Amino acid sequence: MKRLHAVALAAGVLTASCSGHGGQSALPSAPGMTNANATAHGATAAIAVPSGWSATATQGVSVANATSLGALSPSQTLTVRVALQVRNTSQLAKAIASGQRFSDAQLMSQYAPTSSEVSQVVSYLKSQGLTNVSASPNNLLVSADGTAAQAQKAFNTSLTSFSLGGAKVFANTTPALVPQSLSGIAVAVLGLNNAARMASGPTACFPTDPAPAGTPCVRDYDAQAIQTFYDAGSTPAATGTSVGVMAEGNVAQTITDLRYEEQQLGLPQVPVTVVKVGLSSPDTAGVPEWDLDTQSYTGIAGNVKGLYIYDTTSLTDSDIANEYNNWESQNVAQLGNSSFGECEYQAYLDGSMKADDQTMMFAAAHGQTMFASSGDTGSSCALAPTNGAPGSGPPMVSYPAASPWIVAVGGTTLTSNNDETYLGETAWNAGGGGLSQFENATSWEQPVQLTTGILAAGNLRGVPDIAMAADPNAGGYLVYVQQPLVFINGTCGPGPCGIGGTSEASPLAMGVYARMLTTHASLGFAAPLLYRNYQKFESGESLIQGPPPTESYGGFHDIITGANGAYQAIPGYDYTTGLGTFDISGLNQTIAQ
């Protein structure tokens, strides 16, 4: 393992307000929390619990930079989602690492919460007056509707209303508890807080683009160009693979724009299915994100068997958990993409880290893979909507990218020859990366993990796993739009818009792996296979002169120049670009070895 000097991880920043992806977000904080290497499984150890009650992973929080408006109205309606504990988790983790795949029936019989446990949770919620109580098909979530008064009583908590940036939000200011009879069964309660939410925000590139450092556009890439750059060669298109994009709000314009791109570039028309998750929402703020996701992944994949757009109500942690659960339970899309995130401690504090990690573990056991963008503020979380400003916040990584059951994707700056062929890449200065303070490294990541003189880094989850094009000024993807899109740095369209960020990198990575699944049908969960490829071929690295120089091995380009703030790109795994970027032909030739 390689060694480097790392910045100290300070637990004291937990009261900061930040967003991992450039959008403003309220960050709750838990008083008295000081363990920088805590895990969701041990989150409840320090909570004083009244007799007859048991703690969950959902802690009491406050909302930074907000004004308290007092107790939430008792008649306020809300939906709560109770996460149930997976059985035999260590055994399942070892099986996934060894490449085993499980059917729904096997997961339900050996690892899912039992029917009896589900019945206990359902009965309790009904006894508290909650309605529309239902369990997810995988038994991991039980949802129910009720009022604030009912939720406070059911979970022995206090709900407070806040004013934040002109909007009203609410959060549980004391921990969510469950009766002692549900101890070890009900492990998190989501929906008690709508202040914590994921943020997304890709950046467009303009001829005089002011971000990230006054640098004008150098080159953007359309479908054919990005395939050429990453050496698709004769690798078959992903016609045998179905993929999912996690989205929110009204996605009608996104589908219209996808058809426009296909028509303009002569691309095959991808079959699209919109999966409604929860209540419909008229929100169209995410259209630039969902346009980028749907067009870039199919652009590099060549074609796919089907695109499933999972369309949830909002980007709150609770709604995202519900969306993830639907993707896993349906198991019709082998791959998924999440181009959003938040500072990881938000998910840790409200319990969604616990819930989502379990869902993603089940997905990995199916052979499904979720890819997630690592964030656009370098080795920190953003304190304000400053996409492309590394070092602007506390030194934390983004969630869900930090989940050990998700492939985290960082970003690079591209340099190509005149014919779009590969010349080199550097670590994008705004690409998210670093060490998680709440998640542990997996068995496949530990052998390559960096060690430091400060922390036992080999035991902590490193982010990202891999990287792809992200710099909007030199590597943005050309997205075709029929209506102008509004970005944090300007308006673009109609027509092609160069858009970047790790929101581009993640769907690109998904599109490449979609090709792998079509060619090698026996492949499953990507993460262990990618690390295995690295370990098998790392010693045979060959230098690509560039400039900038990179090294080639197996299915990867090893990025060895650039930095994202606290971390420098170095030979081998690092906290800027992980294992490196894909060489599609090389990966196709070596992934199954």
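The model is predicted, so local features need pLDDT of at least 70, side-chain atom pairs count only at pLDDT 80 or more, and totals for chains, interfaces and linings use all residues. Numbering runs from 1 along each chain as its sequence is written, and side-chain values use heavy atoms, with hydrogens and water left out.

**The whole chain**

The protein chain has 13 helices and 33 strands; these are DSSP runs numbered from the N terminus, helices being H or I with at least four residues and strands E with at least two. Of its 593 residues, 63% are buried, where buried means under 20% relative accessible area, exposed over 50%, and partly exposed in between (1.4 Å probe, protein chains only). If you look at contacts (heavy atoms within 4.5 Å) with a separation of 6 or more, 78% of them come from residues 24 or more positions apart. The chain exposes about 18900 Å², and carbon and sulfur atoms supply 51% of that; the areas come from the Shrake-Rupley method with a 1.4 Å probe, and for residues only the protein chains shown count as cover.

**Two sheets**

Two strands count as paired if DSSP finds at least two bridges between them. Angles run from 0 to 180 degrees between N-to-C directions, with axes fitted as lines to C-alpha atoms, for helices over the stretch in contact. Here are the two open sheets.

| β6-β7-β5-β11, four strands | antiparallel | β6 (131–135), β11 (186–190) |

In the β6-β7-β5-β11 sheet, the twist averages 20° from one strand to the next. Inside that sheet, β5 (residues 77–84) and β7 (residues 141–147) pair in the antiparallel sense over seven bridges, and A83 has L141 in β7 as its bridge partner.

Strands β13 and β26 (residues 474–481) run parallel and are joined by three bridges, with R219 standing opposite A474 in β26.

**Helix α3**

Helix α3 (residues 115–127) has 13 residues and reaches 18 Å from its first C-alpha to its last, close to the 18 Å expected at 1.5 Å a residue; the expected span is 1.5 Å times one less than the number of residues. Which residues of α3 are buried? They are E117, V118, V121, V122, Y124 and L125. These cover an arc of only 160° around the axis, which puts them on the same side of α3; the arc is that of the directions from the helix axis to the C-beta atoms. The face turned away from that buried side carries the exposed residues S115, K126 and S127.

The buried residues of α3 pack against β2 (53–55), β5, β6, β7, α4 (148–154) and β10 (177–179). Just after α3, G129 takes a positive phi of about 90°.

**A loop residue**

S403 sits in the loop between β20 (398–399) and β21 (407–416). Is S403 buried or exposed? S403 counts as buried because its relative accessibility is 0%. Leaving aside neighbours within four places in sequence, S403 is in contact with D357, M360, E439 and R461.
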